[in-house]
Amino acid sequence: MDHFLYRNGQLFAEDVPVAEIAEAVGTPFYCYSTATLTRHFRLFDEALEGTEHLVCYAMKAASNQAILKTLAALGAGMDVVSGGEYARARAAGVPGERIVFSGVGKTREEMRQALEGGIRQFNVESEPEMAALNAVALELGVTAPIAVRVNPDVDAKTHAKIATGKSENKFGIPIARAREVYAEAAAMPGLEVVGIDVHIGSQLTELEPFRLAYEKVAELTGVLRRDGHDIRRLDLGGGLGIPYTRSNDAPPLPTEYGQLIKDTLGHLGCEIEIEPGRLVVGNAGILVSRVIYRKSGEGRDFLILDAAMNDLIRPAMYDAHHDIVPVQEPAPGAEQAPYDVVGPVCESGDTFARGRMLPPVGEGDLVAFRSAGAYGAVMSSEYNTRPLIPEVLVHEHQFAVIRQRPTFDEIIKRDTIPEWL
Ligand SMILES: *Cc1c(COP(=O)(O)O)cnc(C)c1O
């Protein structure tokens, strides 16, 4: 459920007409709903009620500080994957003890930054990384709390580019080697083992892969405890999928996911961490764009928008589907026609949808891409020297620009010309 609905023939973001925002900030832009963010965060939080837990929002899905602040105020922790994300989370007021640091290639510099600034736990992904973290912690005279990310060799049944839990993926250490690696960790004086970490992929639409992974984590918890490790925290990753269209089967609900966690791991008495990203912010954001031209091709018609692949890369990168709706509500029973919906970038991959059935839309009309909140703005670039587009946050009847559109001047000034030119 989200808060982007038609009212009086117009698309609203909560209590604000989307067309009014477009008038004020220009197109294209991302627009987020506070009410939807709040609702989705709470669904996870409530799904784990009765169990000691922390929901660490995976901020790589959408990392604007206004979004982080909104979630942190509800009690969210953060899952970060870079020094930049760590700095952003801290700038948004998230305390270090609510930040977990994930990622396969943390540098010594990033480790130092987090150890000095405060960190809840590092999810380490390899033995060389473990050795590096141990060395950095000893240098600083502190101990680094760690969980080892295990790769459970489970098929997440999702798009290959976002599956992370099979043995051929680069993530984590093979679960079969966990005892050995935990023994090594325990022997390193700069590290303190606090738990186990697992994350098998993104946009999972079934619970079964989670069940398989979590059963393996439960078993491993027993084994490691018998080996003398104080496993008190289980980080279960993110990955629960969202419905990208209204027509297909809905993915499992956070309540069902929470129940699965309690069923598979509840008896262990561990504190639970989860790292949802997409489900928190995906349906809390839309991308609003204007039609520049309607062009008739051979056997197909193109709708050329002012948004492009550099603003929303998911269709080009993951063959992702986004529902596209006119901001002006179509008349009931309006006849639909097929369009190839494209952007102005000089790549054939700059195609949002092929043969998409749409009600009548023409030049100058506004359209909205639904479910664009996650892996949207954060993956955008300035390819073709197209400025990063603004982000807007709506709260009831108010809206605010939370990231400005840079001017051409600001973009051009970032280049520096060597003196010999
Ligand atoms: C990307 C990622 C997540 C979030 O995944 P979603 O599918 O957005 O919920 C959580 N944990 C880790 C380690 C990740 O890499």
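These legends describe close-up views of salt bridges and helix contacts in a predicted model.

The model is predicted, with local features requiring pLDDT of at least 70 and side-chain atom pairs counted only at pLDDT 80 or more, while totals for chains, interfaces and linings use all residues. Residues are numbered from 1 along each chain as its sequence is written, and side-chain values use heavy atoms, with hydrogens and water left out.

**View 1. The salt bridge between Glu129 and Lys106.** A salt bridge is taken here as a side-chain nitrogen of Lys or Arg within 4 Å of a carboxyl oxygen of Asp or Glu, and in the pair of Glu129 and Lys106 the closest N and O atoms are 2.4 Å apart. The pair links distant parts of the chain, 23 residues apart, with Glu129 in helix 6 (residues 127–140) and Lys106 in the loop between strand 7 (99–101) and helix 5 (108–117); helices (H or I, at least four residues) and strands (E, at least two) are DSSP runs numbered from the N terminus. Relative accessible area is computed with a 1.4 Å probe on protein chains only, and buried means under 20%, exposed over 50%, and partly exposed in between. Glu129 counts as buried because its relative accessibility is 6%, and Lys106 counts as buried at 8%. Leaving aside residues up to four places away in sequence, Glu129 touches Gly103, Lys106, Met111, Asn123 and Val124, where contact means heavy atoms within 4.5 Å.

**View 2. The salt bridge between Arg177 and Glu180.** The closest N and O atoms of Arg177 and Glu180 are 2.9 Å apart. Arg177 is partly exposed, with a relative accessible area of 28%, and Glu180 also counts as partly exposed, at 45% relative accessibility.

**View 3. The salt bridge between Glu391 and Arg403.** In this pair the closest N and O atoms lie 3.6 Å apart. Distant parts of the chain, 12 residues apart, are linked by the pair, with Glu391 in strand 20 (residues 391–395) and Arg403 in strand 21 (residues 398–403). With a relative accessible area of 4%, Glu391 is buried.

**View 4. The network of Arg120, Arg233, Glu271 and Glu273.** Salt bridges that share partners join these four residues into one network, and a search of the whole structure finds 21 salt bridges.

**View 5. The contact of helix 4 with helix 5.** The axes of helix 4 (residues 83–91) and helix 5 come within 9 Å and cross at roughly 20°. This angle makes helix 4 roughly parallel to helix 5. Axes are lines fitted to C-alpha atoms, for helices over the stretch in contact, with angles running from 0 to 180 degrees between N-to-C directions; angles under 35 degrees count as roughly parallel, over 145 as roughly antiparallel, 65 to 115 as roughly perpendicular and the rest as oblique. Gly83, Tyr86, Ala87 and Arg90 in helix 4 meet Glu110, Gln113, Ala114 and Gly117 in helix 5.

**View 6. The contact of helix 2 with helix 9.** Helix 2 (residues 34–47) and helix 9 (residues 254–265) have axes that come within 8 Å and cross at roughly 25°, and the two helices are therefore roughly parallel to each other. Leu43, Phe44 and Ala47 in helix 2 meet Pro254, Thr255, Tyr257, Gly258 and Lys262 in helix 9.
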